[in-house]
Amino acid sequence: MIFAIETSCDETSTAIIDLEGNILSHIVANQQEHEKFGGVVPEIASRAHIQILQRIIPETFKKAGVSNSSIKIYCSTCGPGLIGGLLVGTIVAKSMAIANNKPFYPINHLEGHALSVQINNNVKFPFVLLLITGGHTQMYIVKEIGSYNLLGTTIDDSVGECFDKVAKMLGMPYPGGKHIELKALNGIKNKYNFPRPLIKNKNLNFSFSGLKTAMKIEINKHNSLNQKQIENFSASFQQSIIDILEKKSELAIEYAKNKIPEINSFVVAGGVAANKSIKNSLTLLCKKHKFKIYYPPLSLCGDNAAMIAWACLKRYKLGYKEDIHFKPRPRWSLNELR
Ligand code: KG4
Ligand code: ZN
C-alpha cells in the first residue's frame, strides 16, 4: 500500500491506495481560514496543514483499516507549490518513512493532476493534456510517464487565478471559480464582449490578465451590482474563458495529430476541470476532431492526495527509485521530470 500527503496549497489531503491503484481511504480538508482574505495566506496555510495533518492521518489509517506495517511506500507532493506547505507535508511523510524503515518518493503535483484521469479511466498514452489549475494553465502532449512535451503555457495569470480574481471583484468568496460557474448558469453569455487575449495567435500560449483588467474596468463603472448584473458578468466572463480554451485546445489537437497520427485522446485536468460548461464545450470540440475526452471525477479535479499516491504507484511500478534526500521545490515544471 502507498500512503500519500498533499499540502502544496490550501487543501490538506491524505490517501492510502493499494498496489492495484484502488483507493482505500482518501481525505481532503479544505482550509476555510483563507476565505476572509480573498486568497491563500501562505503562513496561515502552513500552520493549518500541521494542525489538520495531525487529525486526518490517523483518520486515513482508520478508514482504510490498516496500520503503518501495511504501508510499502510513503510519498508527498514535493512541488510545485507554496514552500511552507510543501515542507510540512514532505517532512511528515519522510519522518513516517524513516520511522517505519520504508522508502519515500517525491511526487510532482502537476504529474498528479496529469495522471489523475487514469485512476478511474483506462486512458492510454499518448494524450493531449490541458492542465487548468489555480497556479497553472498549460498544454502538453503526454507520451508516457516522465515524457511531458510542453506545447504552451500562460504568459501571465493562470485560468484559475483569473476566475478567483474576477469572483472577488464580483463579491464572491474565495475560491471563486465554482461561484462564477453557478451564477453564469442564469446569465446572458454575450451580454458583454470581453477580450479573448491571444485567441488569434497561432501559438499555444495563453494570457488572462487583459481579460481580468477588462472585467475590472467594466465592473468599476457600477457603484453596486444587482443579481442580474452579477449573473451576466459571470456568464460573459466564463464565455471568454471557454472560447480561449476551446481555440487553444483545437490548435493543440491539430498539432498533435500532425506529430503523432494515432493520437486520439484529450485529457482535461486540474481544479478548473470541475467546470461543466468548459467540459461541455471541449467535449463538442473533441467530437468534431474524433478525439475521446477524459476528465477526472469531481473529487479528483482539485488538489488531492489520491492523485499523488497514484503518480507514486506508477513511478514505483516503472522502477523509479526512492529519494529521501529530495528537497521540496516551489517551482518544478513537468518537462523537467524524467
Ligand atoms: O487544481 P487546484 O485545486 O489547485 C491548484 O493546483 O492550483 O485548482 C484550484 C482552482 C481555483 O482557482 C478554483 O477557483 C478553480 O480551480 N475551480 C474552478 C471550479 N472549481 C474550482 N474554476 C472554475 N469553475 C469551477 N467549477
Ligand atoms: Zn493542483
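Reader: How many residues surround ligand 1, and which are the closest?
Author: This is a predicted model, in which local features need pLDDT of at least 70, side-chain atom pairs count only at pLDDT 80 or more, and totals for chains, interfaces and linings use all residues. Residues are numbered from 1 along each chain as written, ligands are numbered from 1 and chains lettered from A in the order written, and side-chain values use heavy atoms, without hydrogens and water. A residue counts here if one of its heavy atoms lies within 4 Å of the ligand. That gives 19 residues, the closest being Gly 134, Asp 164, Glu 181, Gly 271 and Asn 275.

Reader: How much of the accessible area of ligand 1 does the protein cover?
Author: Accessible areas come from the Shrake-Rupley method with a 1.4 Å probe. On its own, ligand 1 has 550 Å². The protein covers 87%.

Reader: Which elements give two or more residues to the shell around ligand 1?
Author: Helices are DSSP runs of H or I with at least four residues, and strands are E runs of at least two, numbered from the N terminus. The elements are α3 (109-115), α4 (159-169) and α5 (177-184).

Reader: Why is strand β2 largely enclosed?
Author: Buried means under 20% relative accessible area (1.4 Å probe, protein chains only). Glu 11, Ser 13, Ala 15 and Ile 17 point one way, Thr 12, Thr 14 and Ile 16 the other. The strand, residues 11-17, is largely enclosed by the rest of the structure because its buried residues number seven of seven.

Reader: How many bridges join β2 to strand β3?
Author: Two strands pair if DSSP finds at least two bridges between them. β2 and β3 (residues 23-30) run antiparallel. Ile 17 stands opposite Ile 23, and the hairpin has five residues between its strands. The bridges number seven.

Reader: Which residue in β4 is the bridge partner of Phe 3?
Author: Strand β4 covers residues 73-79. β1 pairs with β4 in the parallel sense over four bridges. The partner of Phe 3 is Tyr 74.

Technical notes. Buried < 20%, exposed > 50% of the residue type's maximum accessible area, 1.4 Å probe, protein only.
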